[in-house]
Amino acid sequence: MNRILLLCCFALVLAGCKRPAEETAAPTASSPSPIATTTPKPPVEAAAKPELPGLHVKTIDGKEYDLSGHRGQWVVVNFWATWCGPCLKEMPELSALDAMREHVEVIGLAYEEIEPAEMQAFLQKHPVVYPIAILDVYDPPKDFAAPRGLPTTYLIAPDGKVAKHFLGPVTANDIDTAIANAGGPKPAA
């Protein structure tokens, strides 16, 4: 008897959860379309990024930086922030890489809300030899995915194509190995 009563209660609860017929009916020309749909939409796919990403920014020293003007070189595009511990740890090594490898250039893209004067003061304490640009976090470069974490680094091959994408800190050895794996010069022993 208890089992039958329990099954009846369960059936009533399920019946109460069923949508009324007018909510699931297809809209007609004279009726407005419903706000909520009955079938879930597929997730929005990220827009495909171009084969040759572009990057045109103004660096904090007032110079224009255009990635396409650096074809023929390996370019390390490094998204970072002053508050990011792993970013700060990799900066000296990226600076040394830029200074010591003729075929490698680095551009630092500060992905944070910071005033240029604050950035210049920061760089007085943490100097690097490569150019730094401050990005608008609400309007990042369209040809690169918005960073899912910092640091995020792209290695751009001499032909302008993305050779490798790193999420997390990188070392000079990581960059040298990625260059060698992509057909570039092997790291010196």
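A disulfide is taken here as a pair of cysteine sulfur atoms within 2.5 Å, and in general terms it is a covalent bond between the sulfur atoms of two cysteines. The structure described here is a predicted model, in which local features need pLDDT of at least 70 and side-chain atom pairs count only at pLDDT 80 or more, whereas totals for chains, interfaces and linings use all residues. Residues are numbered from 1 along each chain as its sequence is written, and side-chain values use heavy atoms, with hydrogens and water left out.

One disulfide is present in the structure, and it joins Cys 84 to Cys 87, with an S to S distance of 2.3 Å. The link of Cys 84 and Cys 87 is right-handed, with 75 degrees about the S-S bond. Buried means under 20% relative accessible area, exposed means over 50%, and partly exposed lies in between (1.4 Å probe, protein chains only). Cys 84 counts as buried because its relative accessibility is 4%, and Cys 87 is likewise buried, with a relative accessible area of 0%.

Helices (H or I, at least four residues) and strands (E, at least two) are DSSP runs, numbered from the N terminus, and two strands pair if DSSP finds at least two bridges between them. Five strands form an open sheet in the order β5-β4-β3-β6-β7, with mixed pairing. The edge strands, each of which pairs on one side only, are β5 (132–135) and β7 (162–167). From one strand to the next, the twist averages 20 degrees, where axes are lines fitted to C-alpha atoms, for helices over the stretch in contact, and angles run from 0 to 180 degrees between N-to-C directions. Strands β3 (residues 74–80) and β4 (residues 104–111) run parallel and are joined by seven bridges; Val 75 has Glu 105 as its bridge partner in β4.

Helix α3 (residues 85–100) packs on this sheet, where it touches β3, β4 and β6 (152–156), and its direction makes about 160 degrees with that of β3; contact means heavy atoms within 4.5 Å. Helix α5 (residues 172–181) lies across β3, β4, β6 and β7, and it runs at about 150 degrees to β7. In the loop between β5 and β6 lies Pro 151, which is joined to Leu 150 by a cis peptide bond with omega of about -5 degrees.

Rings of Phe, Tyr and Trp (its six-membered ring) pair if their centres lie within 6.5 Å, and planes under 30 degrees apart count as stacked, over 60 as edge-to-face and the rest as tilted. Five aromatic pairs are found in the structure. One of them is the tilted pair of Trp 80 and Phe 122, with 5.8 Å centre to centre and 35 degrees between the planes. Trp 80 lies in strand β3 and Phe 122 in helix α4 (residues 116–125), so this pair ties together parts that are 42 residues apart in sequence. Trp 80 counts as buried, at 0% relative accessibility, and so does Phe 122, at 13%.

Phe 144 and Tyr 154 form an edge-to-face pair, 4.8 Å centre to centre and with 65 degrees between the planes. Since Phe 144 lies in the loop between β5 and β6 and Tyr 154 in strand β6, this pair ties together parts that are ten residues apart in sequence. Phe 144 is buried at 3% relative accessibility, and Tyr 154 is buried with a relative accessible area of 6%. Phe 144 and Tyr 154 also belong to one aromatic cluster with Phe 79 and Tyr 111.
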